[in-house]
Each structure stands twice: as C-alpha cells, then as structure tokens.
Amino acid sequence: MGVVVDSAVVGVSKPDPAIFRIALDALGVPPSRTVLHVGDSLRYDVTGALAAGLQPVHLDPNGFCPAPDGHRHIRALAELAGILGGPGPVDAR
C-alpha cells in the first residue's frame, strides 16, 4: 500500500471521483483505465472508480452483484494475481 486517504481528512468521500484523484496524485500516478481499484461496494467503489476513469474490480465473494456487466469481479483477493498476469490462486485439491 502506497498511500492511505481518509475521507474525513480530505473532505471528500467515495463515490466522488475527487477522492480517487487525491490518492493518485499522492502516488504520482495519472488516472487511466490501466489503474485498478479493488473494492467491495458497487455503489461506492465501482461507481467511483468508473467516474474517476479507473478500472474497477469488484470484490464480490458471494457473487451477488446486481449489475454484473461493465466491470470485473473477483470472489477473493487471491484472484488479483490472475488479473495482473501472475500465477492465480493455488488449487487446494
């Protein structure tokens, strides 16, 4: 983790795209669709990331997303490796 942005400190919260821009500015990273934002809330994380021009990844462990189109889904953080091009989760069988 490179930076923590507290909405109470910066005065803006998700889904406002400004909070995403504040985090990116602190990291020195320009907003783009190559930046992933992982979050568990469709309303706050997915909507906010899209508004900020980022690529949302919805952490949805039970597969209950009511709007599954238009963004990626994972059921566990271990699945991020597959999205990022690394080895995926180890099969426990």
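**Pocket, helices and sheet**

Guide: The largest pocket holds about 500 Å³ of space, where a volume is the space filled by probe spheres set on grid points joined across faces, edges and corners. This is a predicted model, in which local features need pLDDT of at least 70 and side-chain atom pairs count only at pLDDT 80 or more, while totals for chains, interfaces and linings use all residues. Residues are numbered from 1 along each chain as its sequence is written, and side-chain values use heavy atoms, with hydrogens and water left out.

Visitor: What makes a space a pocket?

Guide: On a 1 Å grid over the protein atoms alone, a pocket is an open set of points with protein on both sides within 12 Å along at least five of seven lines, whereas a cavity is a set where a 1.4 Å probe fits but cannot get out. Lining residues have an atom within 4 Å of a point. The largest pocket has 18 of them, and Val-3, Val-5, Phe-20, Ala-23 and His-37 lie nearest its centre. H2 and strand E1 (36-39) are the elements that give two or more residues to this lining; H2 gives the most, with five.

Visitor: How is the lining of the largest pocket divided by class?

Guide: It has 14 nonpolar, three polar and one charged residue. Nonpolar covers Ala, Val, Leu, Ile, Met, Phe, Trp, Tyr, Cys and Pro; charged covers Asp, Glu, Lys and Arg; the others, Gly among them, are polar.

Visitor: Why are H2 and H3 called roughly perpendicular?

Guide: The axes of H2 (residues 17-27) and H3 (residues 42-51) cross at roughly 70° and come within 8 Å. Axes are lines fitted to C-alpha atoms, for helices over the stretch in contact, with angles from 0 to 180 degrees between N-to-C directions. Angles of 65 to 115 degrees count as roughly perpendicular, under 35 as roughly parallel, over 145 as roughly antiparallel and the rest as oblique. H2 and H3 are therefore roughly perpendicular to each other.

Visitor: Which residues of H2 and H3 meet?

Guide: Pro-17, Phe-20 and Arg-21 in H2 meet Tyr-44, Asp-45, Gly-48, Ala-49 and Ala-51 in H3, contact being heavy atoms within 4.5 Å. By class, five of the residues in this contact are nonpolar, one is polar and two are charged.

Visitor: How do you know that E1 and E2 pair?

Guide: Pairing takes at least two DSSP bridges between two strands. Four bridges join E1 to E2 (residues 55-59), and the two run parallel; therefore E1 and E2 meet the definition. For Gly-39, the bridge partner in E2 is His-58.

Visitor: What makes E1 an edge strand?

Guide: The open sheet has three strands in the order E1-E2-E3, with parallel pairing. E1 and E3 (72-74) each pair on one side only, and are the edge strands.

Visitor: What counts as a helix or a strand?

Guide: Both are DSSP runs numbered from the N terminus: helices (H or I) have at least four residues and strands (E) at least two. The chain comes to four helices and three strands.
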